[in-house]
Amino acid sequence: YLGYVKARADLLGLPAEAALLPFVESGYRQVRGRGPRGWWQLVEGTGRQYGLAVDRRRDERLDPVRATGAALKMLAELQRRYDGNFRLALIAYNRGPLNLD
C-alpha cells in the first residue's frame, strides 16, 4: 500500500513522507471501533467534510482508496494553509486544523 499512497501523494505535490502517515496512525491496519477509524484515523466529521460517506450503512473511512483520497486532500489543503510547510500540515492533521491557528 505504501507505493499506492506515495503515488497519490506525489500527484498532490505532497512529500513522500505523507505515505508514512497511515503507518504511524494505524500501521496500515483498518482500525475500527468508536472514534477515529481506518488507516488514516479520520473522525466522522472530517471524513464527511472530505466527501466520505459515514453513516449506519457505510463508513468509507474504512475504504483504503476513498479514505486515502480524502486524507491526502486534507493534507494538501493544510500544506497550502501553512505556506508549504508540511511539518505544520502534519501537526494540524494530528491535532485538528482549528487547534493550530
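1. Basis of the values. The model is predicted, with local features requiring pLDDT of at least 70 and side-chain atom pairs counted only at pLDDT 80 or more, while totals for chains, interfaces and linings use all residues. Residues are numbered from 1 along each chain as its sequence is written, and side-chain values use heavy atoms, with hydrogens and water left out.

2. Dimensions of α4. Helices are taken here as DSSP runs (H or I, at least four residues), numbered from the N terminus. Helix α4 covers residues 64-81, which is 18 residues, and spans 25 Å between its first and last C-alpha, close to the 26 Å expected at 1.5 Å a residue; the expected span is 1.5 Å times one less than the number of residues.

3. Burial and packing of α4. The terms used for accessibility are buried (under 20% relative accessible area), exposed (over 50%) and partly exposed (in between), with a 1.4 Å probe and protein chains only. The buried residues of α4 are A67, T68, G69, A70, A71, L72, M74, L75, A76, L78 and Q79, and they pack against α1 (2-11), α2 (21-26), α3 (44-49) and α5 (86-95). T68, which lies in helix α4, has a relative accessible area of 0%. Once its neighbours within four places in sequence are left aside, T68 is in contact (heavy atoms within 4.5 Å) with Y4, V5, W39, W40 and D63.

4. The ends of α4. At the start of this helix, a side-chain oxygen of D63 comes to within 2.9 Å of the backbone nitrogen of V65. Such a polar contact is a pair of N or O atoms within 3.5 Å; within protein, one must be able to donate a hydrogen and the other to accept it, and residues adjacent in sequence count only if both atoms are side-chain atoms. Just after α4, D83 adopts a positive phi of about 50 degrees.

5. The ends of α5. A side-chain oxygen of N85 reaches to within 3.0 Å of the backbone nitrogen of R87 at the start of α5, and just after the helix G96 takes a positive phi of about 100 degrees.

6. The nonpolar core. A nonpolar core is a set of buried Ala, Val, Leu, Ile, Met, Phe, Trp, Tyr and Cys residues joined through side-chain atoms within 4.5 Å. The largest has 26 residues, of which L14, W40, L72, L75 and Y93 touch the most other members. Two or more residues of this core come from each of α1, α4 and α5, and α4 gives the most, with eight residues. Apart from its neighbours within four places in sequence, L14 is in contact with A9, L72, L75, A76, Q79 and F86.

7. Salt bridges. The structure holds six salt bridges, each defined as a side-chain nitrogen of Lys or Arg within 4 Å of a carboxyl oxygen of Asp or Glu. E60, buried at 12% relative accessibility, pairs with R58 at 3.6 Å, N to O, and also with R66, where the closest N and O atoms are 3.0 Å apart. R58 is partly exposed at 45%, and R66 is partly exposed at 37%. D59 and R61 form a salt bridge at 2.7 Å, N to O, and both residues are buried; R37, D59 and R61 are linked in a network of salt bridges.

8. Most residues other than glycine have a negative phi, and most peptide bonds are trans. Q41, in the loop between α2 and α3, has a positive phi near 55 degrees and is partly exposed at 21% relative accessibility. D83 has a positive phi near 50 degrees in the loop between α4 and α5, and at 74% relative accessibility D83 counts as exposed.
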